[in-house]
Structure formats: C-alpha cells, structure tokens
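Here is a brisk report on a two-part model.

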Amino acid sequence: MKTISVTKAASKGIVMGKAFLVVQQNLEADKKLIRDSEKDIEVKKFEKAVKDTVSDLQVLAKDNDIFAAHMDVASDPDLHDSVVSKINDELKNAQLSLEEYIVATVEMFENLDDEYLRERAADMKDVGKRIMCHLKGIRSNPFEGINEETIVIAEDLAPSDTANMDFKFVRGFITEGGGVTSHVAIMARNREIPAIVGVAGFRGEVTNNDYIILDALGAKIIINPDEKTKQEYLKKAEEYKEMKAKLESMNGLPATTVDGRTVELFANIGNIPDAENAVAKGAEGVGLFRSEFLYMENTKFPTEEEQFTVYKAAVETLKKPVIIRTLDIGGDKELSYYKFDVEENPFLGWRAIRISLDLKDVFKTQLRALLRASAYGDIRIMYPMIISVEEFLAANEVLEECKQELRRDSVPFNNSIQTGVMIETPASVMCSDDLAKEVDFFSIGTNDLTQYLLAVDRGNQKIAKMYNSFHPAVLRAINKVIESGHKYGKIVGMCGEFASDEKALPVLLGMGLDEFSMTATEIASTRYNVRNLSYRECQKLASEVCIKGTISEVMELINNFIDKSK
Amino acid sequence: MVSKKVTLTNKTGLHARPASNLVAFVKKFQSTVTIINGEKKANAASIINVLTLGAKQGTELEIVADGADEAVAVEEIAKYIADLKE
C-alpha cells in the first residue's frame, strides 16, 4: 500500500478501480521515400493494414451502423488504387501515401459546402487513422481493453479522448499535466467523474492493473490498499453519494441567505449536453458559455448556421438567461485550421477580443448567429479580455452593423440584447468605473484575472503554489469591480473557478456579488451553503478581509468564520 | 466499351443513400464502370469518387462500362439511376 497526497482535486468524489495507463499515440506518417525494390513490400503492408482495418470494423459494425459505412470507405477501390499508385509511381512509403491521400480527400469533401460531405470528411479521417494505426502497429483506440472499473492515468487528456472512453467502466482520471482549470478538469467536472490533475511523475509510481483509490475529497491517491483501507473507502464513497443526493434535493429552492439576500446560481457550459446537465443540476441560467469549443472541435471556422443552431438550442434548453462569451482563443487555445504566429508571450498576445476585432468576418459570423438566436430566448453577449472602454465600444459597433444587416433582411433578433465585459485583465479592473457606465453587466473571470494580477502563469507547475485567488490583490480587485458595477446599477457576476470555492463564498457574498457561475455539479452544494449563511455576517467578513495584507491573515479570518458558522 | 447518357431525376442526386446504393449495385457487374459528370470522372465502384462528382438533381451523366458484361451493365445501371426515387 502506498499513499500519495496531492494538491489539485479537479473534480470531487471518491472512486476506485484498476489502473489503466494511457499510451500516447503519434499518428503522423513516418515520411520516407522508398527504393524501387521496396515497392511490393509497401503495397503489401498497406493492403494488410486495410484488411485488418476492415476486420476490426466488421466487429464494431455489429453494434453501430456508422462502422458499416466506415467499412465501405476502408475497402473503397479509389482509396486502394490511389495509395498503391503513389507507392509505385511516386516511390513514397505506405504511411506517407496514405496520409497524402486522406488529407487531399478530406480537403476536397470539406471544400464542397455540404453538411453531408463534411460528415464524410470526418469518416475519411477516422478510417485513415485506423489504417495508419495498423501501419504503425499501434492501437487505434488508446482506451481499448477497458472492461472493468478503471482509473485512467495519462500524461494529459483532450476533450476528444472522452469519445473513445467507455464510461460504463471509467471511474476516474489522474493526469500528470493540467491544472484545475485545464480541459481535462472541466471535462471531468461536467461528467461528474472524480479527477486529480497535475500529479507530476505519477506514471512512474503505478503499473497497469494496480488497484487505485482516487480520493478527490481528501486529495489522496492510494495504490494497492490493504483490505481494511479498501472497506473504509467504500463506506466513504457511499456516504458522499448520499450527501450529494441530499444537496440536490434542494434544487428548486432559491439561493437565499438566512437574512434574505438572494443571489443567482448559474452554470458554465461548453456545449448542449452541458446545457442539459445544467438544467438537471438546478442552474438558474448560464453565466459562461465557452463558445470557443465550437471552434476548437471543428475542422474549420463554424458557419453562422452551425453556431445559430447551437446557441438557439442552448437558450431553448435553459429557458433562462444564457451569457455567451465570444470567441476566446489564442493564449493556450489554438485552432487546428488556423495558423497562429508563434509569439513570445501568447497570454499577452493576440487572443480573444483582439482576434475578433482583427478578423472582423469571423467576428461578424458569430455576432449574427448570436443575434439570430436571441429571438428565441435571453441571450447575452460577453466580450473576453477587454482592456479598455474603446475595445468594448468597438465590439458593440460591429454588433450594431450586424443588427442593421439583419434588420434590412427582416431577420428577427432581440434589439436590446445585453452586452457585457469579462473582467479578467488588471486594466479592466482599474477602469471598471468607466466600463460600468457603458456595459449591461460584468462577469469576473478569476482564472485569468489571478494569473494577470499576480503575473503567475497558471499552467506552470513550478510556480503553481503562487497561483492563489485569495491573494489580497485579487480579493481587492474583485471588491473594486463589484463596487464599480453597483455604482451604475449593473449586475456583477463571476464565472471563474473561484465562484464555487467554498471558502471564497462568504467573502464574495459579503462583497455583494450578484451571480455565481460554476460547473453545474457545484451548484447544489453552493446553494446549500448560501442558504446557511447570513448576508450581514458575510458583509462584515468581506470588509475585514479586504484590509488584510497577507494570504495567511485572509485565510485565518475565513477559516474562523466558517468554523463559527458550522 | 459501351456508354450511355442518363439524367438524374431524384431529389437527393448522387448523394447520401442513393450514392451508396448505386455503388453496391455496380459491384454486381464484372465490367469497370465509370460515371462522367462534365469534367469529372468517377470510378462507380468507389463511394469516395462518386460523392465527389457532386451530381445533383437534373444533372446529365454519362455511364461508361468496359468489360465482359459491358452492354448489360450500362443498360441496367442507366436504368437504376433513372429510377432512383429518394
């Protein structure tokens, strides 16, 4: 038995299962030119890979029609003849020939503006990957072979990885990379899968099939526990489940303090399944719809129609306010189909609203989609990374242009659609008074705000300890923004991870934050906590906290407050 | 080698299910069958090729067959295309 204490529980819960170490794949072709004498060998390799792919697909096709279609593609004569002629005539090896053919065909399909053919492009890519895996002798699904309760252990996980996992068996994630705000963390919380991230060197500690207890409540990982420990944790897991059910039973009640202050509990979402989950978890709206997922999971800039469909579905699912953040890429978020220049400081570089204002066509496509969807519900637009009043006004000017176009074409939209600013730069905090005069709402993004205020890269493991939103600078910034907003009668929300932090809650409540937006699974416990707090007491706490100069003094005040109110 | 012209009358064109069905139908014949849409040529046994023809309702296609059963193939395939419903 071995116990490892960790710092970052990205998604709460206690689970256990067999360790499964993910082997990272490199599916890029090993590009080689061949000699005349090697042609036959390469052709044979390719034909064998196709044959193996078809037989894999035959098995899969029993449960799912899509794989029958993939079989047709894999055994297509054009695919065969084109690749073979590249090998024979251009003397390229099988991997390179296959890659070139797939890339060219996918591009051809994608360029025909046709939904059906775009899906076929995805099929082509998928089949290409399968054949490539056989050519390279690697597994086509890195999660293949999971058939009992399992803890997936990886260097890092991407959103697309979840598509390949069998959630009947996957109980939890442990990754070496990533922070609590990384994609894997967000994905785990949305799926309610306990996860611990940022455990450097963990893969060296375990081997496949070790028995793992993942305790994301106590921030512990136990490898090969003894029977007594195992029983203890089974009991803990059961208790946690019961408590969660109890909390969720409060879903219909407002988040009102004992002395009558009501705040709004919103959800952060990235797609329609998240929106459905938000409704199920009692969200009173969406405080942050990360529209960048629409762009990142695509193979080209999503069309107005595609975006409109998603935004409309989101607001129709919620039937409540949905704040949609316009494209927030750059920094650590890239697009496979758009080449970003390498920058020395990407987080201080060309990102978010800066990109939107430069790529006006891309921005207008999104704004038009948002406006059109606003005819179907309360959609609000939020601009990310704003540093000045000018930027906000410039963005709204483009919005006005879109409105005029839609009006001219008699397309319905909400003319008084609200627009707000995501407060995440020190500049926007310092100018919050000026911004408050112009905007309809503020939403404080604590993840980036903390990083920029403290000049601490949130992805850098070496300085991860310094990344702390309880730093007096961050708390005072939040307080200032709330004051500025309220001075002009504007709603102030928060959509960073801090909004669901149990210890931050009394302070934020006391500062007067109006709306708390978080991962849907955190709503129930936050509601429970709000309903047990006194607004007046919280106000007192907040004013004391704001004059403390060190994190330790701040934490002492908060810890005492929480102990007292328990 | 035998060829014949035929006009697509179905709504979908040579697309989606009609395209896959055609490819399956063509495989019954021994001849090599080519479908020509203006500048574009497709191996009729290849779904990838057929889809990239982008043949819509109203398009005139030329069917060319080369092989032992070429005459029958051209007739039957032309009829199959003319009779597409979906």
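Helix H17 (residues 446–454) of chain A has these buried residues: A:Thr446, A:Asp448, A:Leu449, A:Thr450, A:Gln451 and A:Tyr452. A residue is buried if 20 or more other C-beta atoms lie within 10 Å of its own, exposed if 12 or fewer, and partly exposed in between, with C-beta atoms placed from the backbone. Helices (H or I, at least four residues) and strands (E, at least two) are DSSP runs, numbered from the N terminus. The buried residues of H17(A) pack against strand S14 (419–423), helix H15 (426–430), strand S15 (441–444), helix H18 (472–487) and strand S16 (491–494) of chain A. After H17(A) comes A:Ala455, with a positive phi near 55°.

This is a predicted model: local features need pLDDT of at least 70, side-chain atom pairs count only at pLDDT 80 or more, and totals for chains, interfaces and linings use all residues. Residues are numbered from 1 along each chain as its sequence is written, while chains are lettered from A and ligands numbered from 1 in the order in which they are written.

**Chain A overall**

Chain A has 22 helices and 17 strands. Of its 566 residues, 43% are buried. Two residues are in contact if their C-beta atoms, placed from the backbone, lie within 7 Å. Among chain A contacts between residues at least 6 apart in sequence, 67% join residues at least 24 apart.

**The sheet of chain A**

Chain A holds an open sheet of 8 strands in the order S1-S8-S7-S3-S4-S5-S6-S2, with mixed pairing. Strand S1 (2–5) and strand S2 (9–11) of chain A are at the edges with a single partner strand each, so one side of each has no neighbour in the sheet. Two strands pair if DSSP finds at least two bridges between them.

| Strands | Sense | Bridges |
|---|---|---|
| S3 (residues 14–21) and S7 (residues 211–215) of chain A | antiparallel | 5 bridges |
| S3(A) and S4 (residues 150–154) of chain A | parallel | 4 bridges |
| S5 (residues 170–175) and S6 (residues 195–196) of chain A | parallel | 2 bridges |
| S2 (residues 32–37) of chain B and S3(B) | antiparallel | 4 bridges |

Individual partners can be picked out. A:Met16 stands opposite A:Ile213 in S7(A). A:Ala19 has A:Ile151 in S4(A) as its bridge partner. A:Phe173 has A:Ala195 in S6(A) as its bridge partner.

Helix H8 (residues 227–248) of chain A lies across S3, S7 and strand S8 (220–223) of chain A. H8(A) runs at about 120° to S3(A). Axes are lines fitted to C-alpha atoms, for helices over the stretch in contact, and angles run from 0 to 180 degrees between N-to-C directions.

**A helix pair in chain A**

Which angle do helix H1 (residues 39–61) and helix H3 (residues 77–90) of chain A make? They pack at about 155°, and their axes are 9 Å apart. H1(A) and H3(A) are therefore roughly antiparallel to each other. Angles under 35 degrees count as roughly parallel, over 145 as roughly antiparallel, 65 to 115 as roughly perpendicular and the rest as oblique. From H1(A), A:Lys39, A:Glu42, A:Val43, A:Phe46 and A:Val50 meet A:His80, A:Val83, A:Val84, A:Ile87 and A:Asn88 in H3(A). This contact has 6 nonpolar, 2 polar and 2 charged residues. Ala, Val, Leu, Ile, Met, Phe, Trp, Tyr, Cys and Pro count as nonpolar, Asp, Glu, Lys and Arg as charged, and the others, Gly among them, as polar.

Chain B has an open sheet of 4 strands in the order S1-S4-S2-S3, with antiparallel pairing. Its edge strands are S1 (2–7) and S3 (40–43) of chain B, and each pairs on one side only. Neighbouring strands are turned by 25° against each other on average, direction ignored. B:Asn37 stands opposite B:Lys40 in S3(B). Helix H3 (residues 70–82) of chain B packs on this sheet, touching S1, S2 and strand S4 (60–66) of chain B. The direction of H3(B) makes about 5° with that of S1(B).

B:Ala19 is found in helix H1 of chain B. Is B:Ala19 buried or exposed? B:Ala19 is buried, with 22 other C-beta atoms within 10 Å. Leaving aside neighbours within four places in sequence, B:Ala19 is in contact with B:Leu14, B:Ile47, B:Val50 and B:Leu51.

Between the chains, 12 residues of chain B are in contact with 12 residues of chain A. On the chain B side, helix H1 (16–26) and helix H2 (47–52) are the elements that give two or more residues. H2(B) gives the most, with 5 residues. The chain B side divides into 5 nonpolar, 7 polar and no charged residues.
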